[in-house]
Amino acid sequence: MLAQPLRPPTPGRALAHIGLFLLGAVVAVAGSLVQAAWFPGGLLLALAGAVGVFLGGAYATRSRGGAMAPAAGWIVTVILLTTSRPEGDFLFGAGGGSYLFLFGGMALAVICATLGAGRQPRLGSARLGK
């Protein structure tokens, strides 16, 4: 399988990955608002939502790329939300919950992308040579 030439993704798969990227961005914005509002429960809810999107993307596309697309959208959005505006406003406070959300979400993104649904043989025997 590794010796085969690379092919561009099908239009449906490319559209699915773009949609998952945008869904990851939406979950990042919602999680950043929820985690600060209800500290212990909101933080767990925001991280659970992120894990749900990461693993859901992996299982929906049956590939690790399905977990990487929302993870990339989540990480890019969270990094952009940490920057301060010229007025001095910013979305994340300097508390421990914000850092747990940032670093915990990034760690969970890597874990879900690594352990997500990898390529499996099509329906049939578990052994490839059979």
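Author: Gladly! Let us begin with contacts: two residues are in contact when heavy atoms of theirs lie within 4.5 Å. In this predicted model, residues 24 or more positions apart account for 74% of the protein chain's contacts with a separation of 6 or more.

Reader: What secondary structure does the protein chain have, and in what pattern along the sequence?

Author: There are four helices and zero strands, and reading along the sequence gives α-α-α-α.

Reader: Now burial. What share of the residues is buried?

Author: A residue counts as buried when its relative accessible area is under 20%. Of the 130 residues in the protein chain, 32% are buried. The accessible surface comes to about 8,600 Å², and 71% of that belongs to carbon and sulfur atoms.

Reader: How many aromatic pairs are there, and how do I read one?

Author: Look at the distance between ring centres and the angle between planes; an angle over 60 degrees counts as edge-to-face, and one under 30 as stacked. A search of the whole structure gives three aromatic pairs. In one of them, the ring centres of W74 and F101 are 5.3 Å apart with planes at 65 degrees, so this pair is edge-to-face. Because W74 sits in helix 3 (residues 65–82) and F101 in helix 4 (residues 96–115), the pair ties together parts 27 residues apart in sequence.

Reader: Are W74 and F101 buried or exposed?

Author: W74 is buried at 0% relative accessibility, and F101 is buried too, with a relative accessible area of 0%. Another pair joins Y99 and F103: their ring centres are 6.3 Å apart and their planes at 10 degrees, so they are stacked. Both lie in helix 4, four residues apart, or about one turn of the helix. Y99 is partly exposed at 43%, while F103 is exposed at 54%.

Reader: Which residues do ring pairs link into a cluster?

Author: The cluster is made of F54, W74 and F101.

Reader: What should I look for in the backbone angles?

Author: Most residues other than glycine have a negative phi. R62 is not a glycine, yet its phi is positive, about 55 degrees. You will find R62 in the loop between helix 2 (39–61) and helix 3. With a relative accessible area of 62%, R62 is exposed.

Reader: And side chains that reach back to the backbone?

Author: For these, check the distance between polar atoms: the limit for a polar contact is 3.5 Å. H17, in helix 1 (residues 11–37), has a polar side-chain atom 2.9 Å from the backbone oxygen of R13. T114, in helix 4, has a polar side-chain atom 2.7 Å from the backbone oxygen of V110.

Conventions. Residues numbered from 1 in each chain as written. Predicted model: local features only at pLDDT ≥ 70, side-chain atom pairs only at ≥ 80, totals over all residues. Heavy atoms only, no water. Helix = DSSP H or I, 4+ residues; strand = E, 2+ residues; numbered from the N terminus. Polar contact = N/O pair within 3.5 Å; in protein donor to acceptor, adjacent residues only side chain to side chain. Phe/Tyr/Trp six-rings, centres within 6.5 Å; stacked < 30°, edge-to-face > 60°. Buried < 20%, exposed > 50% of the residue type's maximum accessible area, 1.4 Å probe, protein only. Areas by Shrake-Rupley, 256 points an atom, 1.4 Å probe, with all protein chains shown as cover.
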